[in-house]
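Take a walk through this chain, from its overall plan to single residues. Keep the sequence at hand as you go.

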Amino acid sequence: MRKALISMFLAATVLTPVAAQAQDADDSRREAIQQRYERQAQRNQQRYEQRQQRQEARQQRQAERAEPQQQAAPAAVSQQRQQRQAQRFERRQQQAAPAAVSQRQRGDYRRGDRDRQLPSTTGWQGPRNDPSLRDEAQRYDRQARENALRYGTRQQRQEIRQERREDRRDWRQDRRETRRDWRREWSRDSWRNDRRYDWQSWRYRNRNTYRLAPYYSPYRNHRYSRFSIGIYLNSLFYNQRYWISDPWQYRLPPAPYGTQWIRYYDDVLLVDVYTGEVVDVIYDFFW
């Protein structure tokens, strides 16, 4: 029992300095934290005072600038009023002028540009029988029509549009007549009886010329079909990738206007590129 009491006494004497040191460390930490908070509060106070000073200085400068503007405001207002009155007077004078351009006139002319001269809308006035002036006269007439469409009166614009519609109608009629003429003249037997287009003998002597790369259909699941004259093809079948650019290489006659020789598997078709109609066909042309 006595030994236990002695050990407890010794332990208490040993732990007492350690507890005192820990208490001192806590006190010093609290003091450091309190000093840091105080320094932070001082810095915040200084920043707030500096901000207030800058704001006051800014307000003072703005007030100094506003004073001369307020003093000069009445004079500026009167000067602007005089300028508007002068502009209004000039505008009325321009509207009353006999040479002024009407507001209904088309173009990119603003109110201040009304006295500018519009482009000419009349055609060529010089001699038209001179061959050296033919190109210049056509160019002048074309420019005059464009000016009439942009700057001319409503009647002039209607006349120009009517002329263009008639020209387009005439061009379509000429194209139909041309197609009708070559269809009438084209005969399946006429060129086949011509020795210049004896493609069978030429193919027999030049076999490698008629051996081409494999044919790839424009559609994935499409198979060969025997097309005859009068059938209308889809535009993908007579696309430019299938054209025969040099028919004479295979001893074929030149394709008439509006038609084209194309390859379809081992066959050769003459197709109307406007409608897709098959005009002529040769089966088993290639090897």
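The paragraphs below go from the fold to the helices, the charges, the salt bridges and a few backbone details.

The model is predicted. The protein chain holds five helices and three strands. Along the sequence, the pattern runs α-α-α-α-α-β-β-β. How many of the residues are buried? Of the 287 residues of the protein chain, 20% count as buried.

Start with helix α2. This helix covers residues 134-151 and has 18 residues. At 1.5 Å a residue, α2 should span 26 Å. Which residues of α2 are buried? They are Ala137, Asp141, Ala144, Asn147, Ala148, Leu149 and Tyr151. An α-helix has 3.6 residues a turn, so residues three or four places apart point the same way.

Now turn to the surface charges. Arg139, Arg142, Arg145, Arg161, Arg164, Arg165, Arg168, Arg169, Arg172 and Arg176 gather in a patch of positive charge. Two or more residues of this positive patch come from each of α2 and α3. Helix α3 gives the most, with seven residues. Arg168 is one of the patch residues, and its place is in helix α3. How open is Arg168? Its relative accessible area is 42%, so Arg168 is partly exposed: that value falls between the 20% limit for buried and the 50% limit for exposed.

Next come the paired charges. Side chains of opposite charge can pair when their charged atoms come close. How many salt bridges does a search of the whole structure find? It finds two.

One of them joins the side chains of Asp280 and Arg192, at 3.4 Å from N to O. This pair links distant parts of the chain. Asp280 is in strand β3, while Arg192 is in helix α4 (residues 188-192), and the two are 88 residues apart. Are the partners buried or exposed? Asp280 has a relative accessible area of 0%, so it is buried. Arg192 has 30%, so it is partly exposed.

The side chains of Asp194 and Arg196 also meet in a salt bridge, at 2.8 Å from N to O. Asp194 is partly exposed because its relative accessible area is 22%; buried would need a value under 20%.

Now look at the backbone. Most residues other than glycine have a negative phi, and most peptide bonds are trans. Where does a positive phi turn up in a residue other than glycine? Arg251 has one, near 60°. Arg251 is found in the loop between α5 (199-205) and β1 (259-264). Its relative accessibility is 14%, so Arg251 counts as buried. Asp284 is not a glycine either, yet its phi is positive, at about 55°. Asp284 lies in the segment after β3 (278-282). With a relative accessible area of 49%, Asp284 is partly exposed; exposed would need over 50%.

Finally, consider some distances between residues set apart along the chain. Arg251 returns here. Arg195 is found in the loop between α4 and α5. At a relative accessible area of 80%, Arg195 is exposed, whereas Arg251 counts as buried.

The loop between α5 and β1 also holds Asn239. Its C-alpha atom is separated by 8.9 Å from that of Val273, and these two are 34 residues apart along the chain. Asn239 is partly exposed, with a relative accessible area of 34%.

Asp272 belongs to strand β2, residues 267-272. Its relative accessibility is 1%, so Asp272 counts as buried. The C-alpha atoms of Asp272 and Pro256, 16 residues apart along the chain, are separated by 9.3 Å.

How values were computed: Residues are numbered from 1 along each chain as its sequence is written. This is a predicted model: local features need pLDDT of at least 70, side-chain atom pairs count only at pLDDT 80 or more; totals for chains, interfaces and linings use all residues. Side-chain values use heavy atoms; hydrogens and water are left out. Helices (H or I, at least four residues) and strands (E, at least two) are DSSP runs, numbered from the N terminus. The expected span of a helix is 1.5 Å times one less than its number of residues. Buried means under 20% relative accessible area, exposed over 50%, partly exposed in between (1.4 Å probe, protein chains only). Patches are made of residues with over 30% relative accessible area and no salt bridge: like charges are joined within 9 Å, nonpolar side chains (Val, Leu, Ile, Met, Phe, Trp, Tyr) within 5 Å. Accessible areas come from the Shrake-Rupley method with a 1.4 Å probe; for residues, only the protein chains shown count as cover. A salt bridge is a side-chain nitrogen of Lys or Arg within 4 Å of a carboxyl oxygen of Asp or Glu. Lys and Arg count as positive and Asp and Glu as negative; His and the chain ends are not counted. The place of a charge is taken as NZ of Lys, CZ of Arg, CG of Asp or CD of Glu.
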